[in-house]
Amino acid sequence: MICLEEVLEKLNEGVIVSDRDGSIIYYNKAQEEMEQMKKNEVLNNKLWDVYKYNRRQSEHAHIFKTGKPIYAKYKAHSKTDNGPQYVGYSSFPIQKDGQTIAVFSISHTETSLKNKLLETIELKRSLVTKDLQVIGNTNGTLYTFENIKGDSHVLKKAIEEAQNISLYDTDALIVGETGTGKELFAQSMHNFSPRANNPFVAVNCAAIPENLLESTLFGSVKGAFTGAIDQEGLFEYAKDGTLFLDEINSLPITLQPKLMRVLQERAVRRVGSNKLIPITCSVISASNEDPELLASEGRMRLDLFYRIAHASIYIPPLRERAEDILFFINHFLSTYQKKYLKQNIILSPTLYKTLLSYDWPGNTRELQHLIENLVIQAKSNETVFESFLPYYLRKKLSITDRVEEMARPLKSILESNQANYIENILVRNKWNITVAAKQLNISRQSLQYHIKKLGLVKSEEVF
């Protein structure tokens, strides 16, 4: 008994035990800390007296009568000067010879739950990174959450939500405009999930003709239609992995009831067959349109939406993530200079301002292709102006082929981005003030003034 009490006192979870009369016979240290009550004031007292409720409301008394546990409750039993002390808990009977002789509850705080979830996610991230070094892309994927870049809070929140969903075996819906990285998220979720060693199978519902889409998804039997053969569909092919249905908003309304039935029954019928084949894959769907709008316009059945969106993730468009625009400009500029063996390509202040104020209807994909195009056109050690932009963008932004006005270049960059812009140029020129000032088209004295004003400091190189 002494050993058991010693073990219970060392637990991070709270433990409380009551006998048949409702008297508290055990109350550990963790429970004291959670409820901010003293053990010597609790032990040998009745539950309803300690927690100040009607005896008829006692869950422990109810368990004595039924012999059945109560799972996953979340309540505040105790109250202090700091307000109600909420804990999550489950309660269980202790039985001997078929009779309940005591009841105990195991409790945890909301903070401890969140910490455990974060620990689980961090552990999973490290395991996924190690596993992929072995798996490579043999499961049909190229990306993990490590490949999703960006500095914005909303993007990091979306990643956190996706990681959390990935830990559970549930179907999910990703909503985001074209170019926001929905398949990048889907592949990352697969590689973060327990199914990571199994296939990731992707299909674009908009890219397959309607008359072939049904057999592609669900399979077919020989003779079902002209040219039909015995063939498994993608639901079967995905096996214990993940099936990614991209642009599910393009799925014909006539096929939606069958997809809904498959998701509900977790079984598929091949075209031309009455035989039910169990499916074991999870399903991640993606839509580049608002599902509620699709439902209101009659293009998506509302019951299908509920089936595919057990959990959902929204990826905000780039125009709602201003800090990510600047991040990706610099990220892609660095990436493509390395790819095309160029160096020290600088975007002019006015061009920076133009890119930061553009609404990017094609999102990250459009920005990536644009920066690649600019790097291809530019030479090493060259400053890129608005005139380098593709014709469609210059026309859209009403930019003429003119010599860029550089009289007050730094004034054309948003104040919040000046430090980043100047520091990038200094780093690329190894903090050579003369060369950097020339590229900025300002004097050495002016550059030194901005360095001091913005608090820029040369980083020490570490070898």
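Predicted model: local features only at pLDDT ≥ 70, side-chain atom pairs only at ≥ 80, totals over all residues.
Local features need pLDDT of at least 70 and side-chain atom pairs count only at pLDDT 80 or more, while totals for chains, interfaces and linings use all residues. Residues are numbered from 1 along each chain as its sequence is written, and side-chain values use heavy atoms, with hydrogens and water left out.

A pocket here is an open set of points on a 1 Å grid over the protein atoms alone, where a 1.4 Å probe fits, with protein on both sides within 12 Å along at least five of seven lines; lining residues have an atom within 4 Å of a point. Of the 26 lining residues, Gly179, Thr180, Gly181, Leu184 and Gln368 lie nearest the centre. Helix α14 gives the largest share of the lining, five residues. Because domain 2 (134-316) and domain 3 (321-407) both contribute to the lining, the pocket lies between them.

Turning to helix α7, residues 153-166 reach 20 Å from first to last C-alpha, close to the 20 Å expected at 1.5 Å a residue. Leu155, Ala158, Ile159, Ala162, Gln163, Ile165 and Ser166 are buried in α7, meaning under 20% relative accessible area with a 1.4 Å probe, protein chains only. Seen down the axis, these buried residues fall within an arc of 165°, so they line one face of the helix.

Key. Helix = DSSP H or I, 4+ residues; strand = E, 2+ residues; numbered from the N terminus. Expected span 1.5 Å × (residues − 1). Buried < 20%, exposed > 50% of the residue type's maximum accessible area, 1.4 Å probe, protein only. Arc of directions from axis to C-beta. Domains from an automatic or database assignment.
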